[in-house]
Amino acid sequence: ADGDPEPSSSELLERVVALLQGKADIEIVEEVKGARIPILRMKYGGVLDVDLSFQNTEPLPNTQLLRSYAFISPVIRDLVVLVKIWAKGAGVCGAPQGHLSAYACT
C-alpha cells in the first residue's frame with residue numbers, strides 16, 4: 001500500500017536470495033548482512049563473480065569513471081584486473097580485514 005515503509009536493504013537481500021535459490025546458473029556464495037551496506041556475493045555460470053548491493057548509489061560515479069577509462073584504452077581494464085588479482089593474492093585487499101576494499105583497489 002502507499003503508506004507502507006520502504007523495505008530495508010537487508011529485507012531486499014533476503015527477498016532476492018529467496019528468488020535466486022535453486023537457479024541453476026546462480027550460486028549464492030555469501031550473504032553479507034552485517035555490513036554497512038548488505039551485499040549478496042554470487043557466482044554466475046560458475047565463472048563470473050557478482051556482488052549485489054541494495055539502495056547504494058555511492059559507487060555509481062566511480063563505476064562510470066572506470067568505464068570511461070576502459071573505453072579510452074582496453075589496456076587500462078587489464079591493468080585494473082591485474083592490480084585487483086595482485087592485491088587479493090598479496091593479502092592487502094579486503095575491507096573486513098581492515099584493508100582497502102576490492103573496489104578501492106581499482
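What follows is a short chat about a predicted model.

Biologist: What should I know about the model before we start?

Modeller: It is predicted: local features need pLDDT of at least 70, side-chain atom pairs count only at pLDDT 80 or more, and totals for chains, interfaces and linings use all residues. Residues are numbered from 1 along each chain as its sequence is written, and side-chain values use heavy atoms, with hydrogens and water left out.

Biologist: Which elements does the protein have, and how do they run from the N terminus?

Modeller: The run is α-β-β-β-α-α. That is three helices and three strands. Helices (H or I, at least four residues) and strands (E, at least two) are DSSP runs, numbered from the N terminus.

Biologist: What order do the strands of the sheet have?

Modeller: The order is 1-2-3, in an open sheet with antiparallel pairing. Two strands pair if DSSP finds at least two bridges between them.

Biologist: Why is one side of strand 1 and of strand 3 left without a neighbour in the sheet?

Modeller: Strand 1 (26–32) and strand 3 (48–53) stand at the edges, and each has a single partner strand, so one side of each lacks a neighbour there. From one strand to the next, the twist averages 20 degrees. Axes are lines fitted to C-alpha atoms, for helices over the stretch in contact, and angles run from 0 to 180 degrees between N-to-C directions.

Biologist: What packs on the sheet?

Modeller: Helix 1 (residues 9–20) does, touching strand 1, strand 2 and strand 3. Its direction makes about 20 degrees with that of strand 2. Contact means heavy atoms within 4.5 Å.

Biologist: Back to the pairing. How many bridges join strand 1 to strand 2?

Modeller: Six, and the two run antiparallel. Val-32 has Ile-39 in strand 2 as its bridge partner. The two strands form a hairpin with six residues between them.

Biologist: And how many join strand 2 to strand 3?

Modeller: Six bridges again join strand 2 (residues 39–44) to strand 3, antiparallel. Tyr-44 stands opposite Leu-48 in strand 3. That hairpin has three residues between the strands, and Gly-45 takes a positive phi near 65 degrees.

Biologist: Which residue other than glycine has a positive phi?

Modeller: Gln-55, with phi near 55 degrees. Gln-55 lies in the loop between strand 3 and helix 2 (60–72).

Biologist: New topic. What share of the residues is buried?

Modeller: Buried residues make up 16% of the 106. Buried means under 20% relative accessible area (1.4 Å probe, protein chains only).

Biologist: What box do the C-alpha atoms fill?

Modeller: Roughly 50 × 30 × 30 Å, taken along the principal axes.

Notes:
Buried means under 20% relative accessible area, exposed over 50%, partly exposed in between (1.4 Å probe, protein chains only).
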